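Here is a short briefing to read alongside the model.

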Amino acid sequence: MDPVQLADASRLRTRATVLHADADSFFAAVEQRDKPSLRGRPVLVGGTGPRGVVSTASYEARRAGARSAMSMSRARRLSPAAAVLYPRFEAYSAYSRMIMSALGTLSELVEPLSIDEAFVDLEAGPFADDPAGAAADVRARIRELTGLAVSIGIGRTKLVAKLASDAGKPDGLLVVEPAQEDDFLLPLPVRAVPGIGPATAAALERLDVRTVADLRRQPLDILTMTVGESSGVNLFRLARGIDPRPVAVSGERKSVGAERTFAQDIFGTDLIAAAIDRVTDEALRRLTSHGGGARTVVAKVRFADFTTLTRSVTLAQPTAEPAELRAAAHQAARAAGISDSVRLLGVSFHNLSAHAQLTLPWDAEDVVPAVLDDPPDAPVDGAAGGPETLRLLSEENARPGLDVEHDTLGRGWVVHVRGRQATVRFESVDTPPARSQVLDLDADPLLLVPPLTPTLDG
Ligand code: TTP
Ligand code: MG
């Protein structure tokens, strides 16, 4: 493609009608919402063990230098006053659903990118003539429904919309009109541009290219020689704000996996374990090419008599770590109670997460024993323990931030547990902030409970 043709692609859309929304410090903001005593205070969410990694830091903790993907120990040193909390994915998913559904009122075309982020094509809805008004309304609506701040950027392309929402953070709304695009883009550092990773940025730095303006001065052949043909063409376009990608309701994959029917039925622990490994290898290859990690691993087993069982294992947090996923696949297969000849084995990954690889490594101490869940379609045969329903809080299963309930004191969250002494704050989304209280778990048992989550019908 010659440069003229490349530039033509930019004329696809003439108005700034691509909207990008991204919640501010999402996990930490949900924690501050659900835990009133933490509002306005530094919060770190992530692995809480000695080798844990930060998933996100509240803006109060960011002011002290704490960041996503930093080791938790370093973040704690930078922000010693921070509350350090273990992630509660159930709560984040519920808040995410609320945000996505509010965005759905703007247009039929909503493309979620991650748990707290989506593109919306305003041309496909009633607000194409008033993008800024639509954005202000939806931000107010999301705040009312969830209490969360979502930053919004609007531009003619996905590239500009995304950069604009970043530039407006926190709690920002920035519309970049087509005529302002160059003024907005040219001074930005190339590292800020989505799609330019650290390796490409380093290669560009060797050409003295640091800003988008520097990048725009590079001829196409220099770029393709430096970073290869397709990345070079891509950089050439990005530098000119050319991004013809449409907002697409992505047929987002719900799962990836692999299965194998054997030419001859197999039996025996070793053979079956080896077969599980081979099927898992294939499933892992597909997961890797999908990108990201998974939280639930399902094993499917068909016996010689054609009865088929599925069993799943849900991990405490999504992971892209092959060893962890493999162990879960074996655990799920064992739960199916293989004792007979097997015709078919399948392994699939569900609850896929784009961020999983960034949250690694979780420390061994962070790994809550996997929950075995019994899929509703699976015959109940007692081979697998059913889903755990009632769990009493103890030193072993305690993680800071988890929800608990007391007979008379009501709902609260775990600060920490030492021996049989639990420190808890009895507060929740619409109570006043509470002081921490120390309870003796023998006298005052506490139940671990699922988060109270916001719902669309109030
Ligand atoms: P982001 O939107 O990248 O980050 P954020 O919402 O915490 O902060 P902001 O958008 O204001 O800059 O990611 C959304 C959530 O995804 C984040 O709250 C936690 C999770 N996450 C990880 O678990 N690991 C990571 O490395 C990153 C970047 C995010
Ligand atoms: Mg965010």
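Welcome to a predicted model. Its largest cavity is lined by Asp 34, Lys 35, Arg 88, Asp 403, Arg 411, Gly 412, Trp 413, Glu 427, Ser 428, Val 429, Pro 451 and Leu 452. A magnesium ion (ligand 2) is also present, with Asp 22, Ala 23 and Asp 116 coordinating it.

**The cavity**

- The count of cavities of 30 Å³ or more comes to one.
- The largest cavity holds about 100 Å³ of space.
- Sorted by class, its lining has six charged, four nonpolar and two polar residues.
- Strand β16, spanning residues 410-418, gives the most to this lining, with three residues.

**The magnesium site**

- Around the magnesium ion (ligand 2), the coordinating atoms are OD of Asp 22, O of Ala 23 and OD of Asp 116, at 2.0 to 2.2 Å.
- Along the chain, the donors of this ion follow the spacing D-A-x92-D.
- Asp 22 belongs to strand β1 (residues 18-23), while Asp 116 sits in the loop between β5 (110-114) and β6 (117-121), so the pair ties together parts that are 94 residues apart in sequence.
- The arrangement is octahedral because the six donor atoms around the magnesium ion (ligand 2) subtend angles of 81 to 178 degrees.

Key: Residues are numbered from 1 along each chain as its sequence is written. Chains are lettered from A and ligands numbered from 1 in the order in which they are written. This is a predicted model: local features need pLDDT of at least 70, side-chain atom pairs count only at pLDDT 80 or more; totals for chains, interfaces and linings use all residues. Side-chain values use heavy atoms; hydrogens and water are left out. On a 1 Å grid over the protein atoms alone, a cavity is a set of points where a 1.4 Å probe fits but cannot get out, and a pocket is an open set with protein on both sides within 12 Å along at least five of seven lines; lining residues have an atom within 4 Å of a point. Grid points are joined across faces, edges and corners, and a volume is the space filled by probe spheres set on the points. Helices (H or I, at least four residues) and strands (E, at least two) are DSSP runs, numbered from the N terminus. Ala, Val, Leu, Ile, Met, Phe, Trp, Tyr, Cys and Pro count as nonpolar, Asp, Glu, Lys and Arg as charged, and the others, Gly among them, as polar. Donors are N, O and S atoms within 2.8 Å of the metal (3.2 Å for Na, K and Ca); water is not among the atoms, so sites may look incomplete. Four donors count as tetrahedral if all angles lie between 85 and 135 degrees; four count as square planar and six as octahedral if opposite donors are over 155 degrees apart and all others between 65 and 115; anything else is irregular.
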